Amino acid sequence: MIPFSFQVTGYKNLQKALKVVVKTLPFPKPTLFSGTDSSLELCEAVAQMDNKNLLIVTDAMLVKIGLLDKITKKLDDLGIKYIIYDGVQPDPTYDQVEEGLAVLKKHNCDAVLAVGGGSSMDAAKVICARATNNKPIRKLAGMFKVFKAITPLYVIPTTAGTGSEVTVAAVVSDPVTHEKTPVMDPKIVPLMAALDGTLMTGLPAHITAATGMDALTHAVEAYISANAIPETDAYALAATKLIMQYLPTAVKDGGNLEARQNMALASYYAGLAFTKAGVGYVHAIAHNFGAFYHTPHGLANSIVLPHVLEYSKEAATDRLAKLAEASGLRTGREGNAKLAQKFIDHVRQLCKEFDIPPVLEALKPEDIPAITRNALKEAHFTYAVPKYMDQNTCENLISKMVV
Ligand SMILES: NC(=O)c1ccc[n+]([C@@H]2O[C@H](COP(=O)([O-])OP(=O)(O)OC[C@H]3O[C@@H](n4cnc5c(N)ncnc54)[C@H](O)[C@@H]3O)[C@@H](O)[C@H]2O)c1
Ligand SMILES: [Fe+2]
């Protein structure tokens, strides 16, 4: 058995190599439309493209509440043909991707418009990748496995959380093993995105809180990552500032358009930060809570975040102090250690304010070794975490989240 300190050297070298790749590779960004009714501006821009037969990928709930109505009316007015696939469910599986792909093929669609949260956007990304790459989803999962340009993809996020509208990632689950298998490739970044806060005013408070905390986790994990660069730092700090300022209002007063629009922007900035700097242990553990118990992604992150920050605080004190300053928490001449602690305490306080529990009710002690193994495998081969943990340490950390 290789001693853990040797293993850590290997993980750090891997991350250094990844940082070079990320700095060298071009990361595309979508053409962005932002503000009230920007979703309709996006439709107008799509009409200027060659694509005239869209597959709309969404979830049934959004169709039911009429969230797509003004978008489909606009497409009708513009003479753009479309067919709707609304079978996406939270934490989409390979089956839903294949179903959506079958609809795309049957109707000869030449582009995809995703309208929804991270689940719809991620399913759409993989449908587009599958449409042009003749490989099963399992072989698209991992880094840089999408060899051919994907079917043109346009996205309209309806939650302010995942940042999927700008990231190189799509998270889809294996329906048999329930394992979450991220596809990570710059080729899956959408061509255009619209941040339209008017589509988010009906998002229930608990989903607003959880998805907003997901965006905060992206910003924080990207900022304390060893692979952070000045560009990702700027986006992470901007996102943190906006989230601290606007998330409490968006949760309490869902109809507040200013808060909704700023949260949409914050989520986009946080996406820009983590698409290059990566995330960390919080996401690695949260993905497995999702895989084992179907815990909504943002909720899982919110529960795990304070624990991982406590563990990482000595290695990331200065960075956590900067996040505290971006959150407006400096009141005097506190040193960085005090500020770092203030930031962690503030995250806990926010969760309390949003009725997010500090523990995971579904978590079974007997599952912890397997959850830990999967989480460490994901984290150590994908993320540049500031302080590494071994199986025992991680099991102890997760045990603190048992009821
Ligand atoms: N690609 C990435 O970079 C990335 C990053 C983080 C998370 N993810 C993935 O994204 C998924 C989670 O996405 P999510 O948190 O956006 O949630 P989601 O897309 O699963 O949606 C959650 C619920 O909110 C409802 N909803 C969405 N928008 C609504 C609106 N405007 N009004 C009313 N109800 C609305 C949906 O119908 C659904 O029931 C997970 O699978 C996660 O792993 C992806
Ligand atoms: Fe996330």
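Two strands pair if DSSP finds at least two bridges between them. Helices (H or I, at least four residues) and strands (E, at least two) are DSSP runs, numbered from the N terminus.

Before the details, some ground rules. This is a predicted model, in which local features need pLDDT of at least 70 and side-chain atom pairs count only at pLDDT 80 or more, while totals for chains, interfaces and linings use all residues. Residues are numbered from 1 along each chain as its sequence is written, and chains are lettered from A and ligands numbered from 1 in the order in which they are written.

Take one pair. Strand 6 (residues 153–157) and strand 9 (residues 192–195) run parallel, joined by two bridges. Tyrosine 154 has methionine 192 of strand 9 as its bridge partner.

Next, the domains. An automatic or database domain assignment sets their bounds. Domain 1 covers 31–199, and domain 2 covers 203–399. Their centres, taken over C-alpha atoms, are 25 Å apart. Domain 1 gives 24 residues to the contact and domain 2 gives 28. Contact here requires C-beta atoms, placed from the backbone, within 7 Å.

Last stop: glycine 335. This residue sits in the loop between helix 13 (317–326) and helix 14 (336–353). Is glycine 335 buried or exposed? Exposed, because glycine 335 has 9 C-beta neighbours inside 10 Å. The cut-offs, using C-beta atoms placed from the backbone: 20 or more others within 10 Å is buried, 12 or fewer is exposed, and in between is partly exposed.

Notes. Two residues are in contact if their C-beta atoms, placed from the backbone, lie within 7 Å.
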